[in-house]
Amino acid sequence: MPRVTFIPGDGIGPEVAWAARHCLDATGVRFHWEEQLAGEGALKQFNTPLPPQTLESVRKNRVAIKGPITTPIGTGFRSVNVALRRELNLFACVRPCRTFAGVRSPFQSVDLVIVRENTEDLYAGIEFAAGELATTQLIMQLTTLSKQPIQPDAAISIKPISTTASERIVRFAFDYALGHGRKKVTAVHKANIMKFTDGLFMETARRVAKAYDGCVAFEDRLVDATCMQLVLKPKEFDVLVLPNLYGDILSDLCAGLVGGLGVAPGANIGDGVAVFEAVHGSAPKYAGLNKVNPTAMILSGVMLLRHIGEADAADRLETAVESILREGRSVTYDLKTERNDPTAVGTKEMADAIIARMRSPRRDETLS
Ligand code: NAD
């Protein structure tokens, strides 16, 4: 019986996480769920947004599914999501983006995967606030070392990019491509400007790519040009591997290419540990309204099923999701042509429709 840590999260997290959990249970796979708190609920109950027992549960079970968690802006409180990834060394973030029939999107037949480095870059959280003593000292030292002027009232964020982490993520991207029948890896960077950090990422990617020569094609591109090409010719892309910040931004861009955050699943993967979660955040204004789209979380659950070797259950659940999306009847407001369409159903009702379709598939949609 697979043991899985279940973290509902906050905001819309609990609604979409429970919808996904019900769908996973309905596949017939018998899960042993271990529910743990993180985010606002944990802060209230344990005085910390990421209690040690939550981390311990994921370490022990090695698989978790997690609803989104709010990160307040401009407070000393750092992101729980970033902390979770760092504590568990979940170095790879995998975000597949593909178009579904029935979901309005600017393109048809997009099918690409973002592989984002999760542990360093400007996300490392090495920041110095404007006006503080340490910042003033750092500015003086940097000005001396770099001979570049920095305004004395500047705030500073540090961007570490290492060979170790770059090599690990690029290898992961190539191995993912090989394991999933993908043909090409594109490394994305801004090495023309950030010659040392992005330059190192690019050089490492080029070096690692040589080991996969003849099996998986490789190219590298500048991040700005990649953004333009993605919105012009997304079908040119297959697997993209990126440092942390570009990976974050391009994930949302690619979610937009295929119909929005409501249908974009994801996974954070490390050595022997995986946490599955939607790309979207906690959308606090919709919290508790039973309104938002559960598809991204349910598809994250499909990724979880494949990860634990339950391919048949994954196929059945994914086929049911595709069927309900294609039909466009029992779907949430964001998937209707008019946002205030009164026929839109709630989060729970959409999950129920998916479960019902999984139990009685339409004849033309049964798996062969
Ligand atoms: P968000 O993804 O929460 O929401 C942006 C908008 O996207 C929403 O207002 C809504 O219109 C739409 N949306 C998102 N999910 C949807 C769904 N399932 N169905 C329908 N529409 C959906 O982004 P945000 O507003 O920038 O972030 C809110 C909070 O979430 C912030 O605190 C942020 O830090 C956090 N966040 C958490 C995670 C995570 O837990 N992994 C990821 C991203 C953002």
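1. Helix 10 passes helix 11 in a left-handed crossing. This comes from a predicted model. The two helices, residues 295-307 and residues 311-327, pack at an angle of about 160° with their axes 8 Å apart. Helix 10 is therefore roughly antiparallel to helix 11, since angles over 145 degrees count as such. On the helix 10 side, the contact is made by Thr295, Ile298, Leu299, Val302, Leu305 and Arg306. Helix 11 brings Ala311, Ala313, Ala314, Asp315, Leu317, Glu318, Val321 and Leu325. By class, the residues of this contact are 10 nonpolar, one polar and three charged.

2. Helix 6 (residues 163-179) and helix 7 (residues 197-210) have axes that come within 9 Å and cross at roughly 45°. That angle makes helix 6 oblique to helix 7. The crossing of helix 6 and helix 7 is right-handed. From helix 6, Thr163, Ser166, Glu167, Ile169, Val170, Arg171 and Phe174 take part. From helix 7, the contact residues are Leu200, Phe201, Thr204, Ala205, Arg207, Val208 and Ala209. The contact of helix 6 with helix 7 splits into eight nonpolar, three polar and three charged residues.

3. Next, helix 8 (residues 223-232) and helix 9 (residues 244-257). Their axes cross at roughly 10° and come within 10 Å. Helix 8 is thus roughly parallel to helix 9, because the angle is under 35 degrees. Val223, Thr226, Cys227, Leu230 and Val231 of helix 8 meet Tyr246, Leu250, Leu253, Cys254 and Leu257 of helix 9. Nine residues of this contact are nonpolar, one is polar and none is charged.

4. On spacing within such contacts, a general point applies. An α-helix has 3.6 residues a turn, so residues three or four places apart point the same way. The helix 9 contact list includes Leu250, Leu253 and Leu257.

5. Helix 4 spans residues 80-87. Val80, Asn81, Val82, Leu84 and Arg85 are buried there. What do these buried residues pack against? Their partners are helix 3 (52-61), strand 3 (63-66), strand 4 (92-98), strand 5 (111-117), strand 11 (267-269) and strand 12 (274-276). At the start of helix 4, a side-chain oxygen of serine 79 comes to within 3.1 Å of the backbone nitrogen of asparagine 81.

6. Asparagine 89 follows helix 4. This residue sits in the loop between helix 4 and strand 4. Asparagine 89 counts as partly exposed, because its relative accessibility is 32%.

7. Glycine 270 makes contact with Asn89, along with Leu90 and Phe91, leaving aside neighbours within four places in sequence. The glycine lies in the loop between strand 11 and strand 12. Its relative accessible area is 10%, so glycine 270 is buried. Asparagine 118 is 152 residues from glycine 270 along the chain, yet their C-alpha atoms are separated by 9.7 Å.

8. A positive phi also occurs at aspartate 121, about 75°, although this residue is not a glycine. Aspartate 121 belongs to the loop between strand 5 and strand 6 (127-128). Is aspartate 121 buried or exposed? At 0% relative accessible area, aspartate 121 is buried.

9. Lysine 184 is in strand 8 (residues 184-189). With a relative accessible area of 19%, lysine 184 is buried. That value should be read against the cut-off, because buried means under 20%. Where does the side chain of lysine 184 reach? To the backbone oxygen of glutamate 236, at 2.7 Å. Lysine 184 also touches Val216, Ala217, Glu219, Arg221, Asp238 and Val239, not counting residues up to four places away in sequence.

10. Valine 239 is in strand 10 (residues 239-242). The residue is buried, at 0% relative accessible area. Beyond four places in sequence, valine 239 is in contact with Val113, Val115, Ala173, Tyr176, Ala177, Arg182, Lys184, Val185 and Thr186. The C-alpha atoms of valine 239 and proline 49 are separated by 33 Å. Along the chain, these two residues are 190 residues apart.

How values were computed. Residues are numbered from 1 along each chain as its sequence is written. This is a predicted model: local features need pLDDT of at least 70, side-chain atom pairs count only at pLDDT 80 or more; totals for chains, interfaces and linings use all residues. Side-chain values use heavy atoms; hydrogens and water are left out. Buried means under 20% relative accessible area, exposed over 50%, partly exposed in between (1.4 Å probe, protein chains only). Helices (H or I, at least four residues) and strands (E, at least two) are DSSP runs, numbered from the N terminus. Contact means heavy atoms within 4.5 Å. A polar contact is a pair of N or O atoms within 3.5 Å; within protein, one must be able to donate a hydrogen and the other to accept it, and residues adjacent in sequence count only if both atoms are side-chain atoms. Axes are lines fitted to C-alpha atoms, for helices over the stretch in contact, and angles run from 0 to 180 degrees between N-to-C directions. Angles under 35 degrees count as roughly parallel, over 145 as roughly antiparallel, 65 to 115 as roughly perpendicular and the rest as oblique. A crossing is left-handed if the near helix is turned anticlockwise from the far one by less than a right angle, and right-handed if clockwise. Ala, Val, Leu, Ile, Met, Phe, Trp, Tyr, Cys and Pro count as nonpolar, Asp, Glu, Lys and Arg as charged, and the others, Gly among them, as polar.
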